[in-house]
Amino acid sequence: MDATHQLSWIPDSFTELYRGQGGRLVVLLEELRARYELCEDLAQQLVPAAQAVRHDDGLTEDDVLDRMELALSSPDSGLREDEARWVVRRLDELLGWHR
């Protein structure tokens with residue numbers, strides 16, 4: 001299986017986080033795949049938490065997403081800042097909030 005096929009199921013919006021000048025990946029394919037799976041899983045797991053915060057605290061959708069991004073941008077989260085932003089954009093898509 002060639003690298004193009006192996007990347008086909010990872011969204012371009014995520015692979016762009018790991019492309020250098022000239023468009024080449026700056027990490028091994030295995031690391032890219034692992035980071036994507038981590039971020040996608042995290043976004044999926046945050047759906048119920050975001051819905052609960054929105055409902056229970058009466059926050060706007062933007063406020064919920066801003067708080068999620070702030071928390072995910074913390075060094076303790078284990079994510080890079082660009083990954084945190086991607087997770088929040090993906091969470092927004094999953095929730096259908098269309099920030």
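These notebook entries record what I looked up in the structure.

**Entry 1: the chain as a whole**

I noted at the outset that the model is predicted. I counted the secondary structure and found 5 helices and 0 strands. Reading along the sequence, I wrote the pattern down as α-α-α-α-α. I then looked up the extent of the chain: its C-alpha atoms fill a box of roughly 45 × 25 × 20 Å along the principal axes. The chain has 99 residues, and buried residues make up 33% of them. Among contacts with a separation of 6 or more, 56% are accounted for by residues 24 or more positions apart.

**Entry 2: helix H3 against helix H5**

I turned next to H3, which covers residues 29–57, and to its packing with H5. The two helices pack at an angle of about 50°, and their axes are 8 Å apart. That angle makes H3 oblique to H5. I recorded the crossing of H3 past H5 as right-handed. On the H3 side, the residues that meet H5 include Tyr 36, Cys 39, Glu 40, Ala 43 and Val 47. On the H5 side, I listed Trp 86, Val 87, Arg 90, Leu 91 and Leu 94 among them.

**Entry 3: helix H4 against helix H5**

H4 spans residues 61–72 and packs with H5 at an angle of about 150°, with the axes 9 Å apart. I classed H4 as roughly antiparallel to H5, because angles over 145 degrees count as such. The contact is made by Leu 65, Met 68, Glu 69 and Leu 72 of H4. Their partners in H5 are Ala 84, Arg 85, Val 87, Val 88, Leu 91 and Asp 92. The crossing of H4 past H5 is right-handed.

**Entry 4: Asp 92**

Asp 92 is found in helix H5, which runs over residues 81–95. What does the side chain of Asp 92 reach? I found that it reaches the backbone nitrogen of His 98, at 3.0 Å. Leaving aside residues up to four places away in sequence, Asp 92 touches Leu 65, Trp 97, His 98 and Arg 99.

**Entry 5: salt bridges**

How many salt bridges does a search of the whole structure find? The search finds 6, and I followed up several.

- Arg 90 and Glu 93 form a salt bridge at 3.1 Å, N to O. Both lie in helix H5, 3 residues apart, which is about one turn of the helix. Arg 90 is partly exposed at 21% relative accessibility, whereas Glu 93 is exposed at 52%.
- Glu 40 joins Arg 90 and Glu 93 in a network of salt bridges. Glu 40 belongs to H3, and I had listed it among the residues that meet H5.
- Arg 80 and Asp 82 meet in a salt bridge at 2.5 Å, N to O. Arg 80 counts as partly exposed because its relative accessibility is 35%. Asp 82 counts as buried because its value of 18% falls under the 20% cut-off.
- Arg 19 forms a salt bridge with Glu 16, and the closest N and O atoms are 3.4 Å apart. I noted Arg 19 as partly exposed, with a relative accessible area of 29%.

How values were computed
Residues numbered from 1 in each chain as written. Predicted model: local features only at pLDDT ≥ 70, side-chain atom pairs only at ≥ 80, totals over all residues. Heavy atoms only, no water. Helix = DSSP H or I, 4+ residues; strand = E, 2+ residues; numbered from the N terminus. Polar contact = N/O pair within 3.5 Å; in protein donor to acceptor, adjacent residues only side chain to side chain. Contact = heavy atoms within 4.5 Å. Salt bridge = Lys/Arg side-chain N within 4 Å of Asp/Glu carboxyl O. Buried < 20%, exposed > 50% of the residue type's maximum accessible area, 1.4 Å probe, protein only. Axes fitted to C-alpha atoms, helices over the stretch in contact; angles between N-to-C directions. Parallel < 35°, antiparallel > 145°, perpendicular 65-115°, else oblique. Left-handed = near helix turned anticlockwise from the far one by under 90°.
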